[in-house]
Amino acid sequence: MSFDLTREPLEDAAGRAADLFVEIYRGLEDRRVDPGVDRDELRRLFRHTLTEEGIGLLPTLSEFRDRILPNSMGTPHPLYLGLVNSSPLPAAALADLLVSCLNNNGGAVHQSPAISAAEQEVVRVFTRLFGLDPSWSGMVLPGGTFATLQGLALARARHFPDWQARGPAALDGRPVLYTSQAAHFSVTRSGVTVGIGDDGVVALSGTGRGSLDTAALEDRIERDRSQGSRPFAVVATAGTTGTGAIDPLSDIADLCHRHGLWFHVDACYGGAAVLLDELRPRLAGIERADSIAVDPHKWFFIPIAAALFLTRHAELECRTFAAGDTSYIPQHGEADAFRRGIPTSRRSSGLGIWMGLRAHGLSAVRDAVRRNIELTRLLERLLAEEGFEVLPGGELSIACARWEVAEGDPDEIDRLQTRIAEDVVRSGLAWFSTARHADRNWLRFNLVNLYTRERHIRRLSGLVAETARRLAGGPV
Ligand SMILES: Cc1ncc(COP(=O)(O)O)c(C=O)c1O
C-alpha cells in the first residue's frame, strides 16, 4: 500500500504521543529505574516486528507503550545516579519530536535556517559562559567523544601541516599528547583515531582524586622532546568521569603556552560548574584553551546527543575540514558546519539545547547543578555516618564510597562493592555503578539529575547501607 499522509491519523497519534510524554514525566518514580529485563527475552519481543507491511501509527504507539516503555531505563528517575546521562528537560525532549519533522540537517544553514540560527545562539551563550572571546567558533556534535576527536584533528593539523598533506610519511618524530590516567577513554580513542597510536597518548598518574600533576607533566614533555618525540597537545579534564576531579587548567594553560602545545579541555561533565559563582574560579584557565568539549547532554539536562565543540581557531577549522566537490550544495558565503567539522549531515540537536534553555532558563539548570552538588555532599555525610569510607575532596556531583570489611582480602572487598551496586540495581529502586580509583573499587554515585531531592538521598543512603551489611554478613 502506498504511503498517503492525508490518510494517517495524525491528530490522534499526536495526542497519544502527548499522553505518553505526560505519563513519563508525571510518573517519574512509578517505574523501576533499571527495568530488570532479560536481554534474550527482549530480543525475542522485537524479532520479526519489521515486515513488508507496517501496522500503522496508533498501533505502533501502543507497542511503544507496551514494549519500549516498561523495558526502558528511567534516567529521569530521581534515583538514577549512574553514568553521566542526565534527566532531560521536558522542553528539550519535545524539541526532539519537532526537529525530526523538519529538515533536521544542521550541516548547512540553507537546509535548517532557523534551527542553525538557534544553534548559533547556543554557541554564543556557551562562549559567554566560559568567558571566551566572541570570535570563537562552535558547533553541536553527537557526543563529547566527537568533540574531543575534532579538537585533536585540529591540533594535528596545526602542529603537523605536512601530515595533513602527505600523511604519516611526513613525520620526523613520534607525535605525543598528554592527559591524565583519570581522563575519559574517549581521549585515547580520539588520539588513536587521529593516527598517533596508543603509544602516542601518554596518560600520567594524578594527585588527589586524579587531577593532572603539572610538574610531572612538564618533566615528561621535556624528557620526550629531548628523546626526539614531538609533543603537540595536552587534554585536561574539568570533571573526570570517575571521581569528578578538576585538572589545574590555569597551570596547564601556562605550560601549553610555554611549550607551544595545543590545549584541549574536556569539560564534558564538569563544564556546568561555570554556572556557579563559587565554582567558576575552579575552571579559570579554560578561556585560554585552543578547544573545548562540553556536553549539554550531561549536566545541562539536554537529551542525548547534544555535545558542543568550541575552538578559537575558526580559520584552521575551514582549512582542516575543507570539503572537496560540493558543486551540488548551494553556497551562501558563510562557512557551513559541514565545511568546518567532521560530520556532513548533522542532526540539528542545537534545537533541543535552545528550546530547553528558552523554556526553563539557565536558572533552572544552575539551581539543579547547585542542588546536585549539595545533595552529593549530603550523601557523603550520610554514608560516612553509616560506616562507609568516603573518598575525600569531592567538589562536583560525584560521591565515591566503599564498604570496608576488617581483615578482608582486598580483591574480595573490591568484589563486595560491585555486588552491593548490582544488588541495588537489581532491586529497581536506584541505579549507580562502581569506579576504579587508586587501585580500589568504589561505589560511584553521580547526580546529574533535575528531580533528586533530599528525601531520595536519605532513602538511598539507608538502602545502600542495608545492602552492604546484608552482603558483608554484618548486622543489618
Ligand atoms: C569527562 C567525559 N568526557 C567525555 C565523555 C564522552 O562523552 P560522550 O558520551 O558525549 O561521547 C564522557 C562520558 O561520560 C565524560 O564523562
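User: A pocket here is an open set of points on a 1 Å grid over the protein atoms alone, with protein on both sides within 12 Å along at least five of seven lines. What volume does the largest pocket have?

Analyst: About 1,400 Å³, where volume is the space filled by probe spheres set on the points, joined across faces, edges and corners. This is a predicted model: local features need pLDDT of at least 70 and side-chain atom pairs 80 or more, while totals for chains, interfaces and linings use all residues. Residues are numbered from 1 along each chain, and side-chain values use heavy atoms, without hydrogens or water.

User: Which residues lie nearest the centre of the largest pocket?

Analyst: Leu20, Ile24, Leu61, Phe64 and Ile68, out of 43 residues in the lining, meaning residues with an atom within 4 Å of a point. Helices H1 (10-26), H3 and H4 each give two or more residues to that lining. H1 gives the most, with 9. Helices are DSSP runs of H or I with at least four residues, and strands are E runs of at least two, numbered from the N terminus.

User: How does the lining of the largest pocket divide by class?

Analyst: Into 28 nonpolar, 10 polar and 5 charged residues. Ala, Val, Leu, Ile, Met, Phe, Trp, Tyr, Cys and Pro count as nonpolar, Asp, Glu, Lys and Arg as charged, and the others, Gly among them, as polar.

User: And the second largest pocket, what is its lining by class?

Analyst: 11 nonpolar, 21 polar and 6 charged residues. The second largest pocket has a volume of about 850 Å³. Of its 38 lining residues, Ala182, Ala183, His184, Thr241 and Gly242 are the closest to its centre. Strand E12 (433-437) supplies at least two lining residues, as do H6 (144-159), H8 (185-193) and strand E4 (206-207). The largest share, 4 residues, comes from E12.

User: How many cavities of 30 Å³ or more are there?

Analyst: The search of the whole structure finds 1; a cavity is a set of points where a 1.4 Å probe fits but cannot get out.

User: Switching to Ser86. Buried or exposed?

Analyst: Ser86 is buried because its relative accessible area is 5%; buried is under 20% with a 1.4 Å probe and protein chains only, exposed over 50%, partly exposed in between. Ser86 sits in the loop between H3 (57-68) and H4.

User: Which backbone oxygens does the Ser86 side chain reach?

Analyst: That of His297 at 3.4 Å, and that of Lys298, which lies 3.3 Å from a polar atom of the Ser86 side chain. Beyond its neighbours within four places in sequence, Ser86 is in contact (heavy atoms within 4.5 Å) with residues including Thr75, Phe301, Ile302 and Val448.

User: What about H5, how far apart are its end C-alpha atoms?

Analyst: 25 Å. The expected span is 1.5 Å times one less than the number of residues, so the 17 residues of H5 (113-129) should span 24 Å, which agrees. Its buried residues include Ile115, Glu119, Val122 and Phe126. Among the elements covering the buried residues of H5 are H4 (90-99), strand E1 (137-141) and H12 (350-386). Just after H5, Gly131 takes a positive phi of about 70°.

User: Last one: what does His259 touch?

Analyst: Glu218, Ile221, Glu222 and Arg225, not counting residues up to four places away in sequence. His259 lies in H10 (249-259) and is buried, with a relative accessible area of 13%.

How values were computed: A polar contact is a pair of N or O atoms within 3.5 Å; within protein, one must be able to donate a hydrogen and the other to accept it, and residues adjacent in sequence count only if both atoms are side-chain atoms.
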